[in-house]
Amino acid sequence: MNSTLSSEDLDNDIRIQQVQQTAPDAVQFYITEEHFNNDPYDIIQQKVATFQPIQSKDDSRCDQAQKDGGKKFEDKKQIKCMRSVGTYVIQQIGRKILSGDMNLTKISFPIKAMIAKSALEKNLQSTIFFPLYINRAVQTVDFMEQLKLVITATIATFHINLSFHKPLNPILGETVEGFLSDGTTLYAEQISHHPPISQFYGVGRDDSYKYFGNYCYEASAGLNSITLKNKGKRTIIFNGGQRIDYNFAYELYSGTIMGSMKVETLGVSTYQTNKGLTATLKFGKVKRKATDYFEGSINMGQQELCKIFGTYMGYIEFDGVRYWDHRHMQPHQVTIKPPFLPSDAQLRGDYTNLAALDIDKAQIEKENLENLQRHDAKLRTKFKEVRRKKEEKKKQHDHD
């Protein structure tokens with residue numbers, strides 16, 4: 001089945017309907033999920049059992065691929081909306097730089113250019129190809145094959161998850177629960193305010209695998225770009241004993257003020273197993289290729305066992321054998337459970353008002369939550385200082 005989306009106005013393989021508000025530039029992205037595969041468990045297992053490498057050998061990239069690399073963003077109304085907040089954001093960046101604070105993750109982003117979705121929900125989207133590839137990995141005892149399948153399940157998400165659409169920043173203690181139709185359960189929680197750290201945890205059906213780690217973003221701005229680095233880590237552990245730890249490459253968003261808008265994954269991603277296998281992928285450095293191409297290898301010590309090549313906008317191959325192709329593999333839906341805990345992201349005032357298309361109320365609620373977070377942060381700082389002084393006083397007393 002062809003999973004390629006027809007235009008860039010699909011966020012995370014989700015149709016985005018634009019709703020013009022009273023403010024001329026306020027565009028709300030109303031999300032409905034209908035492009036995901038939601039096969040039941042028995043159908044998924046049939047596909048897993050019959051999985052075969054793809055026979056295609058052509059150099060195919062999906063429609064959203066920018067000619068010189070990355071994923072393009074072309075919807076004029078959404079570009080106008082996001083650029084309408086550019087001056088405001090630039091002013092905040094200028095103030096922070098002048099104050100010596102280079103941490104741009106603390107900048108407040110106007111809600112009119114955001115989507116009614118928590119970043120915690122977006123984080124769980126990293127599993128949209130797990131039902132096929134990770135379940136296949138569960139069924140093999142070949143450690144290198146497992147590693148190939150984990151790499152594939154990761155890279156295949158990029159052409160969908162790379163997006164200019166900004167989700168809501170999670171509040172400290174915020175939670176989200178979800179699941180995949182294969183029986184995988186997923187959880188996420190915001191465990192740190194600054195630096196912003198989001199923890200996630202997933203368990204496969206019958207505890208067949210565990211997937212966990214964290215996202216920790218650090219942003220920096222150029223004249224017409226934003227670089228987003230994720231210092232987090234990811235780990236997957238299979239019942240057969242193999243553990244795979246891997247990191248994130250970085251993302252470059254260009255054309256933020258003028259010119260063509262696009263987003264690229266660049267840098268290096270590494271995979272390390274407890275079985276002696278390592279894999280390294282280098283993005284954007286393939287000679288005579290667009291920047292979404294990557295190459296690398298799987299090694300055992302100094303010995304190269306397998307070459308890796310592809311483009312996250314099209315396909316991935318191991319020694320010329322194609323494991324993923326954007327025209328043949330469809331992502332699976334991550335279903336977010338209805339709110340159960342009071343901390344659930346879906347209960348936030350800005351979330352609910354944004355989903356209801358009330359931009360003004362959503363902005364007010366967003367500012368209220370940010371002020372509350374700042375207040376709580378001050379209380380935590382004060383508490384730490386009081387505790388420090390008490391400990392120093394006790395040490396002095398014990399010394400005397």
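Me: Let's start with a term: two strands count as paired if DSSP finds at least two bridges between them. Over how many bridges do strand 10 and strand 12 pair?

Reply: This is a predicted model, by the way. Strand 12 covers residues 233–238 and runs antiparallel to strand 10. One of the links joins K210 to its bridge partner I237 in strand 12. The number of bridges between strand 10 and strand 12 is five.

Me: Before we go on, how many helices and strands does the protein chain have?

Reply: The protein chain has 400 residues, and 52% of them count as buried. Among contacts between residues at least 6 apart in sequence, 60% join residues at least 24 apart. As for the elements, the chain has nine helices and 21 strands.

Me: Back to strand 10. Which residue there is the bridge partner of S198?

Reply: Look at strand 9 (residues 197–203), which pairs with strand 10 (residues 209–221) in the antiparallel sense over seven bridges. Follow the pairing from S198 across to strand 10, and you land on Y215.

Me: How many residues sit between strand 9 and strand 10 in their hairpin?

Reply: The loop between these strands holds D206, whose phi is near 60°, a positive value in a residue other than glycine. That's worth a second look, because most residues other than glycine have a negative phi. D206 is also exposed, because its relative accessible area of 67% is over 50%. The count of residues between the two strands is five.

Me: T227 belongs to strand 11. Is T227 buried or exposed?

Reply: Apart from residues up to four places away in sequence, T227 touches E218, A219, S220, Y250, E251 and L252. Its relative accessibility is 16%, and the cut-off is under 20%. By that cut-off, T227 counts as buried.

Me: Now the helices. At what angle do helix 5 and helix 6 pack?

Reply: Helix 5 takes in residues 130–138 and helix 6 takes in residues 143–155, with axes 8 Å apart and an angle of about 170°. That makes the two helices roughly antiparallel, because the angle is over 145 degrees. They also pass each other in a left-handed crossing. To come back to the angle, the value is about 170°.

Me: What kinds of residue make up the contact of helix 5 with helix 6?

Reply: From helix 5 come F130, Y133, I134, R136 and A137, and from helix 6 come Q146, L149, V150, T152 and A153. Sorted by kind, they are seven nonpolar, two polar and one charged.

Me: What covers the buried residues of helix 5?

Reply: Seven of the nine residues of helix 5 are buried, so this helix is largely enclosed by the rest of the structure. The buried ones are F130, P131, L132, Y133, I134, N135 and A137. The cover includes helix 1 (41–49), helix 6, strand 10, strand 12 and strand 20 (321–325).

Me: There's a peptide bond from H194 to P195. Is that bond cis or trans?

Reply: P195 is in the loop between strand 8 (185–192) and strand 9. Most peptide bonds are trans. Here, though, omega is near 0°, and the bond is cis.

Me: How far apart in space are G178 and P338, C-alpha to C-alpha?

Reply: G178 is in strand 7 (residues 175–179), and at 1% relative accessibility it counts as buried. Leaving aside neighbours within four places in sequence, its contacts include L124, T335, I336 and K337. G178 and P338 are 160 residues apart in sequence, yet their distance in space is 8.8 Å.

Definitions and conventions:
Residues numbered from 1 in each chain as written. Predicted model: local features only at pLDDT ≥ 70, side-chain atom pairs only at ≥ 80, totals over all residues. Heavy atoms only, no water. Axes fitted to C-alpha atoms, helices over the stretch in contact; angles between N-to-C directions. Helix = DSSP H or I, 4+ residues; strand = E, 2+ residues; numbered from the N terminus. Parallel < 35°, antiparallel > 145°, perpendicular 65-115°, else oblique. Left-handed = near helix turned anticlockwise from the far one by under 90°. Contact = heavy atoms within 4.5 Å. Nonpolar A, V, L, I, M, F, W, Y, C, P; charged D, E, K, R; others polar. Buried < 20%, exposed > 50% of the residue type's maximum accessible area, 1.4 Å probe, protein only.
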